[in-house]
Amino acid sequence: MNTMNMRDEPLVYELSRPGRIGCTLPRSDVPEYALPEGLVRTDLDLPELDELTVVRHFTRLSQKNFSIDTEFYPLGSCTMKYNPKANEAAAAHSGWKNLHPLVEPEHAQGALELLWRLQEALQKIGGFAAASLQPAAGAHGEFSGVLMIHAALKDRGELGRKKMLIPDSAHGTNPASCTMAGFVTQTIPSGPDGNIDIAALRAALDDTVAGIMITNPNTLGLFETNIEEICRLVHEAGGYVYGDGANMNALTGVFKPGSSGIDVMHFNLHKTFSTPHGGGGPGAGMIAANEALAPYLPGPVAVKRGESYRLEMPAKSIGQVKAFYGNFGVLVRAYTYLLMTGGNGLRRVAENAVLNANYLKALVEGVYPVPYKRHCMHEFVAKGTIVPGVHTLDIAKRLIDYGFHPPTIYFPLIVQEALMIEPTETESKETLDQYADAMLKIAKEAAEQPELLHDAPHNAPVARLDEVMAARCPILCYRG
Amino acid sequence: MPFIPNTDAERTEMLNTIGVESVEELFSDIPAHLRIQKLDLPDGVSEMEALAALDALAERNAQTTKMDWFVGAGAYNSYIPSLVPALASRGEFLTAYTPYQPEVSQGTLQAIFEYQSMAAKLLGMPVVNASHYDGATALAEAVLMAWKAKEGRNRILLPADLHPEYAKVIATYLTSFDIELARYDGDPERASLDERTAAVVVAYPGFSGEVYPVEKAAARAHAAGALCIVQADPVMCAIFKSPGEQGADIVTAEGQSLGNPLNFGGPYLGMLGTTEALLRRMPGRIAGETKDKEGRRGFVLTLSTREQHIRREKAVSNICSNQGLSMLQTCIYLAALGKQGLRHVAKQSYDKAHYAAELIGRIPGFRVATKQFFREFLVQTPKPAADIARALAKKGIVPGLPVSRYFPDKPNELLVCVTEMNSRPQIERLAIALKEASK
């Protein structure tokens, strides 16, 4: 059982008392100057708290969270692996934290070398010709990648190609990124083996096709066995292949996506490369491409000239997708992890991620139906259809009572009552055994005492929350 | 490797349970000719060796703490109280995912709600979302949001005096759409609006530091049927009238200087707020208050029918992971500084910048070109600003950003930024050094 902080915690505004302050500045040593007339702000409704109150408040809030540091967190497609503390120690150096982005390049050689080395390593891992570290997240990498396809089509004089193919198992960010780049999406169904239906793909390929976005392994946790054929067919039709690297943790050191014909791809450094997810970011969505699309990468990118490093825009770059050079602090963490893991370690990462997922699948699939009878990669999808009247949501919430974070639920959309489970390589066999035991006990409870599931969680700071009310009458800030 | 607990004995046991001979068998779906055994990368090293390599790289960078630092231009040298990183780096915040399971994410969700509350007050807007990647992408998304809200209008007015990187990011975001980006000079009140204009963007302040009031520009935009977007300095908003109070429809800001380190340009914090009327067109995550079945207050992610995981190609944006931890740092920073503290930061920056401008303005050959500013101003220099900066760097002074870095046709302009971190002796040394360098 977990030991979460169950006390109600007031809002910062409710803790506020007039006259308190949590941080003081040195006394000003310059004269005062008058503010411009007509532009003076008279009120500022921020709370007033002393330092200890702020410390207790946020410490107590933190205790209301599940996290990797405290619980097993098998969220499918999120790769909630351990985030090494050395990453944080490395990133805390004053030489990174207090480095201004507009310092002259000769005064940022350490930072530029890190960017260059990370680009080099990631493009090798992916089997690509070049990489850019500008995108701030996976979806930002997708947006950059589809814009690169747009730019390449423009150079070919083929902007009439507006159709982007998206498998029905894809993350929602894929179609949303296409819309932001002006493409129109067409869904490609999965076949009975969980892979892209090749006949449906062939039927969709015409001279309006811009490309396809593929996640491999897909969100069912299955490798797209026909990846080479898919790439060949799309290329023959004049389109490009975008690789969504959300699930790269299954493949590091085992398979280079670039070698199968993928033209451009992002990696989520906050998944595969162990940087913390921070309760919703910051991430880093490195994007890499083959020779044909590399000139279109977003920039600036780091380049090495002789013994020194500088920033340059790729020749036909789509431009900048954010200010400055990416989520640099996240990149420092990913590079630290890469040094510690190395080429040999990355293969062991993939081997153990896949081993752990298949082991956990073997432990639960007798009770929770797994729709595709194949070895999974780093994750698997099971169905919560164990007892009539009990839903995946109930199972997920009951797992909380056993001290486990629920898996990803109701995704991918093509599996009814989906439970998408990704244990990662950093979990021990005993943790997987305990989790499987909990899943099996819950299945028993579902048959014998279903109310235990319907009313779950029982051991969390709050019970199930009314999400309908939240959306219908939105309260989005403190109204004191 | 310390991050993989499985021992060889356990691996064998697990393979037996699965019913396969080897791990390689689990990879049998990958065509054999595409499988590799090893990457062409060095083997992994110990934590001790990795940290030594990282420290050696970090030591080669200039640090604002070791110099007299006067460069801003979108990234500000500000004080971060010790409690901010101490609290934000707690593992329970740091290693949690996006709060999809609200019952075990109340810490993150309440922090988002508190950030939204404080940021909304600061910017003067009814609602603020949970974050964007940075100020530039927040502004680009705001432009797209305004364009979609004003169907049939495809012209966006941008100030000529906009951070050049922001202008580039907006151009990238609009690549595939038929949107005309027109630039206007000077006071936004005089920007030429027409029936094709979807929105006018006001920089508050501009890249040069110049501050124009928003109120009349917003009123004129509304009269012409357009929206008013304001890109604001959030610290300035502690002592200057907020954009919301002056009629802005969408406000974006770079929140880095509210508790986030410089970090060579990221991670930073994109802030975006809007009106009730535009709420359902706003991109990004939003936390909302609700109750559990026992009537206790709790928080959830809400209005998600705007978002990609529900709406897919019809979503208002593709944003998913955002800048959660940067937002948390800002939330803690705002709670700690509070009403008085943030005003002190803003007023000290203002006073110190104006003191610096006064001293620099008195040096023969130098002229302060910005008329009304907060903490950053443009100086016309008698010699190329880059040469001056190079000479002063040898004395440990970084006097400002030579504008030629972005605009080679403006060699004799220096953008000087003064924050609460600069002391009077530093400012006086700067003035003396500038005078010497101009000889």
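In chain A, the C-alpha centres of domain 1 and domain 2 are 29 Å apart. The model you are looking at is predicted, so please read every value here as computed from that prediction. Chain A's domain assignment puts domain 1 at residues 88–341 and domain 2 at 345–454. Chain B has a two-domain assignment as well, and there the C-alpha centres of domain 1 and domain 2 lie 28 Å apart. The two chains touch through 161 residues of chain B and 170 residues of chain A.

**Where chain B meets chain A**

- On the chain B side of this contact, helix α11, spanning residues 324–361, is the top contributor, giving 23 residues.
- Sorted by class, the side of chain B that touches chain A holds 74 nonpolar, 51 polar and 36 charged residues.

**Domains within chain A**

- Domain 1 of chain A puts 20 residues into its contact with domain 2 of chain A, which in turn supplies 21.
- The domain 1 side of that contact in chain A is made up of 8 nonpolar, 10 polar and 2 charged residues.

**Domains within chain B**

- Domain 1 of chain B is assigned in two pieces, 66–78 and 339–437, while domain 2 covers 83–333.
- Between these domains of chain B, 21 residues of domain 1 are in contact with 19 residues of domain 2.
- Two elements of chain B, α11 and β12 (376–380), each give two or more residues to the domain 1 side that touches domain 2.
- Of these, α11(B) provides the largest share of that side, with 7 residues.
- The domain 1 side that touches domain 2 in chain B comprises 11 nonpolar, 6 polar and 4 charged residues.

**What the UniProt record says**

- For chain A, an unreviewed UniProt entry lists "domain: Glycine cleavage system P-protein N-terminal" at residues 49–300.
- Residues 49–300 of chain A are 33% helix and 13% strand, with the end C-alpha atoms 42 Å apart.
- For chain B, the UniProt annotation "domain: Glycine cleavage system P-protein N-terminal", also from an unreviewed entry, covers residues 3–430.
- Residues 3–430 of chain B are 35% helix and 15% strand, and the end C-alpha atoms are 50 Å from each other.

**Cis peptide bonds in chain A**

- A cis peptide bond, with omega near 0°, runs from A:Phe411 to A:Pro412.
- A:Pro412 sits in the loop between β11 (408–409) and β12 (418–421) of chain A.
- A:Ala456 and A:Pro457 are also joined by a cis peptide bond, with omega about 0°.
- The loop that holds A:Pro457 lies between α13 (450–454) and α14 (467–472) of chain A.

- A:Thr79 is a non-glycine residue with a positive phi, near 45°.
- You will find A:Thr79 in the loop between α2 (51–62) and α3 (85–91) of chain A.
- A:Thr79 counts as buried because 26 C-beta neighbours fall inside 10 Å.
- B:Arg312, again not a glycine, has a positive phi near 50°.
- B:Arg312 belongs to the loop between α10 (308–311) and α11 of chain B.
- With 22 other C-beta atoms within 10 Å, B:Arg312 is buried.

Terms used
Residues numbered from 1 in each chain as written. Chains lettered and ligands numbered in written order. Predicted model: local features only at pLDDT ≥ 70, side-chain atom pairs only at ≥ 80, totals over all residues. UniProt positions renumbered as here; feature names shortened; annotations may be inferred. Helix = DSSP H or I, 4+ residues; strand = E, 2+ residues; numbered from the N terminus. Contact = placed C-beta atoms within 7 Å. Nonpolar A, V, L, I, M, F, W, Y, C, P; charged D, E, K, R; others polar. Domains from an automatic or database assignment. Buried ≥ 20, exposed ≤ 12 C-beta atoms within 10 Å, placed from the backbone.
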